[in-house]
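Colleague: I have a structure to go through with you. Can we take it piece by piece?

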Amino acid sequence: MIDTHIHADSRSSEDFEDMYLAGIDTAITCSFYPYKVSEEILLNHLNRILEFDTKRASRYGIDLKVALGIHPTNTIENPERIFNELYSWIENKQIIAIGEIGLEDLTDIEIETFKKQLAIADETDSKVIIHTPRKNKLEVLKKILDITPQYLDEKQAVIDHINSDVIGEVIDKDYMLGLTVQPQKLDVAGAIAILDEFGFDRFFLDSDMSNNPSDHLSVPKTIRELTRLGYKQSDIEKVSQDNAKKYYGL
Ligand SMILES: [Zn+2]
């Protein structure tokens with residue numbers, strides 16, 4: 001199985017061990033720093049993920065793929081050095097996507113940072129992982145859907161943390177969609193209800209395990225529940241790994 005969105009830097013080695021034993025072979029870890037950032041702190045955070053957490057997870061059998069970028073809550077005044085690093089990480093194939101990026105409070109600096117990262121993705125033909133917030137999800141999602149196609153082909157973007165309240169806004173577009181099975185976001189039954197209604201082709205599953213309350217086994221739990229309920233094996237495999245493998249070329 002592939003957990004398509006985690007924050008490995010904020011989790012323990014014991015979590016990686018549990019995940020591996022539950023059948024997760026690969027996870028995509030994204031950037032997000034939970035406290036005040038400066039250019040130096042952010043760069044250290046991003047390099048730590050790339051150079052330290054990948055090795056830490058691999059000791060427990062988890063192949064950690066990396067998405068780096070400036071999370072909307074980590075915006076800084078002068079992000080140029082980070083953007084330059086992004087170009088080189090992409091060129092050196094050290095990251096599989098720019099992420100997670102997106103909008104949170106709709107401030108001007110957030111919007112500028114988001115647009116710039118979409119432009120870099122377009123220029124470098126990269127994928128992006130776009131965060132949608134817990135609060136004002138619909139309003140912020142509408143802004144994301146307004147901005148993104150001005151910079152990037154919808155097919156190059158994953159819109160994450162989609163739930164049943166907002167799925168109507170995105171289901172007819174070309175984005176890939178992330179279902180985040182996490183306390184306070186979406187439970188196993190809620191994710192399965194969405195897959196049941198809209199099919200398995202356009203979705204990824206993830207735990208978004210982070211400093212926030214999380215279940216590092218929520219992807220295996222969802223997959224096992226789909227199996228127990230008798231869904232088609234070929235459909236289950238789409239969300240357990242096939243969609244992510246195909247999309248990111250893993
Ligand atoms: Zn996240």
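What follows is a set of questions and answers on this predicted model.

Colleague: How are the axes of α2 and α3 set against each other: roughly parallel or oblique?
Modeller: The axes of helix α2 (residues 39–58) and helix α3 (residues 80–91) come within 10 Å. They cross at roughly 20°. Angles under 35 degrees count as roughly parallel. Therefore α2 and α3 are roughly parallel.

Colleague: Which residues of α3 make the contact with α2?
Modeller: The crossing of α2 and α3 is right-handed. From α2 come Glu39, Leu42 and Leu43. From α3 come Arg81, Ile82 and Glu85.

Colleague: How many residues in the contact of α2 with α3 are charged?
Modeller: The contact residues fall into classes, and three of them are nonpolar. None is polar. The number of charged residues is three.

Colleague: And α3 with α4: roughly parallel or oblique?
Modeller: The axes of α3 and helix α4 (residues 108–124) come within 11 Å. Their crossing angle is roughly 30°. The limit for roughly parallel is under 35 degrees. So α3 and α4 are roughly parallel.

Colleague: Which residues of α4 does α3 meet?
Modeller: α3 passes α4 in a right-handed crossing. On the α3 side stand Phe83, Leu86, Tyr87 and Ile90. On the α4 side they meet Lys116, Ile120 and Thr124.

Colleague: How many nonpolar residues does the contact of α3 with α4 have?
Modeller: One residue of this contact is polar and one is charged. The nonpolar residues number five.

Colleague: Now α7 and α8. Are they roughly parallel or oblique?
Modeller: The axes of α7 and α8 are 10 Å apart. The helices pack at an angle of about 60°. Roughly parallel needs an angle under 35 degrees, and roughly perpendicular starts at 65. So α7 is oblique to α8.

Colleague: Which residues of α8 does α7 meet?
Modeller: α7 passes α8 in a right-handed crossing. The α7 residues are Val188, Ala191 and Ile192. The contact of α7 with α8 divides into four nonpolar, one polar and two charged residues. The α8 partners are Lys221, Thr222, Glu225 and Leu226.

Colleague: What covers the buried residues of α8 (residues 218–228)?
Modeller: The buried residues in α8 are Ser218, Val219, Pro220, Thr222, Ile223 and Leu226. Their cover includes β1 (2–6), α7 (188–198), β8 (203–206) and α9 (233–248).

Colleague: Which residue with a positive phi follows α8?
Modeller: Its phi is near 90°. The residue is Gly230.

Colleague: Which residues have the most contacts inside the largest nonpolar core?
Modeller: That core has 67 residues. One of those with the most contacts is Ala67. Beyond four places in sequence, Ala67 is in contact with residues including Ile28, Cys30, Ile98 and Ile129.

Colleague: Is Ile6 buried or exposed?
Modeller: Ile6 lies in strand β1. Beyond four places in sequence, Ile6 touches Ala27, Ile28, Thr29, Asp206, Ser207, Asp208 and Met209. There are 28 other C-beta atoms within 10 Å of Ile6, and 20 or more are needed to be buried. So Ile6 is buried.

Colleague: How far in space is Ile6 from Asn74?
Modeller: The two are 68 residues apart in sequence. C-alpha to C-alpha, Ile6 and Asn74 are 17 Å apart.

Colleague: Why does His5 count as buried?
Modeller: His5 is found in strand β1. Among the residues it touches are Ile28, Cys30, Asp160, Gly178 and Asp206. The cut-off for buried is 20 or more other C-beta atoms within 10 Å. His5 counts as buried because its C-beta neighbours inside 10 Å number 29.

Colleague: Where is His161, and is His161 buried or exposed?
Modeller: The loop between β6 (157–159) and α6 (167–170) holds His161. Its contacts beyond four places in sequence are His131, Thr132, Gly178, Thr180 and Lys185. With 24 other C-beta atoms within 10 Å, His161 is buried.

Colleague: Which residue has its C-alpha atom 7.8 Å from that of His161?
Modeller: Along the chain, this residue is 28 residues apart from His161. The residue is Pro133.

Notes. Residues numbered from 1 in each chain as written. Predicted model: local features only at pLDDT ≥ 70, side-chain atom pairs only at ≥ 80, totals over all residues. Axes fitted to C-alpha atoms, helices over the stretch in contact; angles between N-to-C directions. Helix = DSSP H or I, 4+ residues; strand = E, 2+ residues; numbered from the N terminus. Parallel < 35°, antiparallel > 145°, perpendicular 65-115°, else oblique. Left-handed = near helix turned anticlockwise from the far one by under 90°. Contact = placed C-beta atoms within 7 Å. Nonpolar A, V, L, I, M, F, W, Y, C, P; charged D, E, K, R; others polar. Core = buried A, V, L, I, M, F, W, Y, C linked by C-beta atoms within 7 Å. Buried ≥ 20, exposed ≤ 12 C-beta atoms within 10 Å, placed from the backbone.
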